[in-house]
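Me: I have a new structure open and would like to learn how to read a few of its features. Could you walk me through them?

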Amino acid sequence: MAPLQSRTESHEKREQKAASLLAQACQTAKDKQNYDSSLTQRKIVEEFRARFNNLVPYDWQLNVTEALMLGLDCSVIVGTGAGKTMPFVMPLFAQPNKHVLIISPLNTLEEDQAQRFRKMGLSAVAVNGETYNSQVHQDILSGNYQVILTSPEMCLLHDSFRKLLSDAKLSSMLTAVVVDEAHCISQWGTKFRPEYAKLGTLRALMPTQVPFLITSATLPPLVLADVQTKVHIQTSTSYHVDVGTDRPNISWEVRRMKAAKSDLESLRFMLPKSCGGEGKEDKLTSTLVFSEDISLLMEATEWCRRQVAPELRNQIVCYHSRRTPLAKRIALRLFREGKIKILFTTEAAGMGCDMPHIELVVQFLVPGSLSIWMQRAGRAGRSPSVQARAVLLVQPMVFQMKTSKKAGKDPDQCEKSIEYIKNVDDALRAWIEAKECRREVVDVYFGSGLPLVFAATTVTPDTPFPFLLNALLHLLIVHSPIPAALL
């Protein structure tokens, strides 16, 4: 593992460089356009407070907003549920006649964020294959929407919408292009959704001064560099913020399964105590259960329904790509309202959606990488007032080893080596098998410096004690390693 001191020093240097770039941009704008940084920030803060019941933005949110307004490309790494969405639209608080284009990975996320922005008093529209029509096209061209949310495919493959983005009037009013969940550029851009890897070509459709913002909770150094390259962000001239990915109000667990797909019994812990589980006596806890296998999810959903009382069965639902758009919207709405308690799902549900009440996230069988697990686990406890759990159910093959033989120089001699039956991403295996704090494994993987556990969270007298305890433990871990089982 990289020494914490080295990571901290690197983090501090990046912060100093970012602050210097922003200060230089402010000075240049002042000299050329009589720009007043203090006045601009004050106006944004006043608008923020007016729209959010007198709350004030975090300093990093304000700095990213100003950097975008001054034309600086930005990269932002912030833990899930910690406020990374706000700088997408905060420039509009000072520039209400401008527009922002947001690239999202899922239709459900587009629609969820559009609703959130409307509640902020901003005009917003989700543009995808289900919603796009001639009226929406004309409304966008007429400047009726401050926020336009869409997908890489709409931007690059849909002829009419692509031409719309290159319209001189519209593009001249763009204050920024935002790529939300930017890790998808690397994760999906090779085969699954190749248009993600081509998002940099959007720069050719609009004026050069329109900045790009890439943001995610999971951008380890190599992935960040890859994403920046693909969207043509120069690290030497872009504003970078890394608030850290730690979520101190989430307790992390690894549970060994007795088998793989057939071990549905491993899910019993999340059911009520009356069913032999570890939950409440006769109620279900707000839970997301992830898996890549739709058939397995459907089977697990039916198994769980059979275990609970009849009046609880309608609170357990399966959400996946084979369901109709209407059925998916209804399921998400009922889950958000608390009428559905356990949602079995693929990646199709929840990415970035604002559902602060989730108390438990379960991953059924190991995912493809530590980044994927951190993304999914981060759907839990998006409100800091919720003390949440993230449970990874690990199949036996992940721990089982096999002996392989490699031929040496002498054909009659073989070198024995130990391999695992199930290949797992190295970082994820390190997290699973950690002997000390798993949070430290994550910090190393993402290159974090000192954990900024309070940087994105307002601590109040009502903040739960477990949240404060986890935060304190994380701060102390370098001096006093704590067994992973406790974290």
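Reply: Happy to! Let's begin with a term: a residue is called buried when its relative accessible area is under 20%. Keep in mind that this is a predicted model.

Me: Thanks. Is Phe161 buried or exposed?

Reply: Phe161 has a relative accessibility of 0%, so it counts as buried.

Me: And how do I read two aromatic rings that sit together?

Reply: A pair of aromatic rings is described by two things, the distance of the centres and the angle of the planes. Searching the whole structure turns up 10 aromatic pairs. One of them joins Phe48 and Phe52, with 4.7 Å from centre to centre and 45 degrees between the planes, and this pair is tilted. Phe48 is buried, at a relative accessible area of 6%.

Me: What kind of pair do Tyr132 and Phe161 form?

Reply: Planes over 60 degrees apart count as edge-to-face. The planes of Tyr132 and Phe161 stand at 85 degrees, with ring centres 6.1 Å apart, so this pair is edge-to-face.

Me: Which parts does that pair tie together?

Reply: Tyr132 is in the loop between β3 (124-126) and α7 (134-141), while Phe161 belongs to helix α9 (residues 159-165), so the pair ties together parts that are 29 residues apart in sequence. Tyr132 counts as buried too, because its relative accessibility is 18%.

Me: Which residues do ring pairs link into a cluster?

Reply: Look for Phe48, Phe52 and Phe93: ring pairs link them into a cluster.

Me: Now the backbone. What should I know about phi?

Reply: Most residues other than glycine have a negative phi. Asn54 is not a glycine, yet its phi is positive, about 75 degrees. You will find Asn54 in the loop between α2 (37-51) and α3 (59-69). Asn54 is partly exposed, with 49% relative accessible area.

Me: What is the phi of His232, and where is this residue?

Reply: The phi of His232 is near 60 degrees, again a positive value in a residue other than glycine. His232 lies in the loop between α12 (221-230) and β7 (239-244). With a relative accessible area of 45%, His232 is partly exposed.

Definitions and conventions
Residues are numbered from 1 along each chain as its sequence is written. This is a predicted model: local features need pLDDT of at least 70, side-chain atom pairs count only at pLDDT 80 or more; totals for chains, interfaces and linings use all residues. Side-chain values use heavy atoms; hydrogens and water are left out. Rings of Phe, Tyr and Trp (its six-membered ring) pair if their centres lie within 6.5 Å; planes under 30 degrees apart count as stacked, over 60 as edge-to-face and the rest as tilted. Buried means under 20% relative accessible area, exposed over 50%, partly exposed in between (1.4 Å probe, protein chains only). Helices (H or I, at least four residues) and strands (E, at least two) are DSSP runs, numbered from the N terminus.
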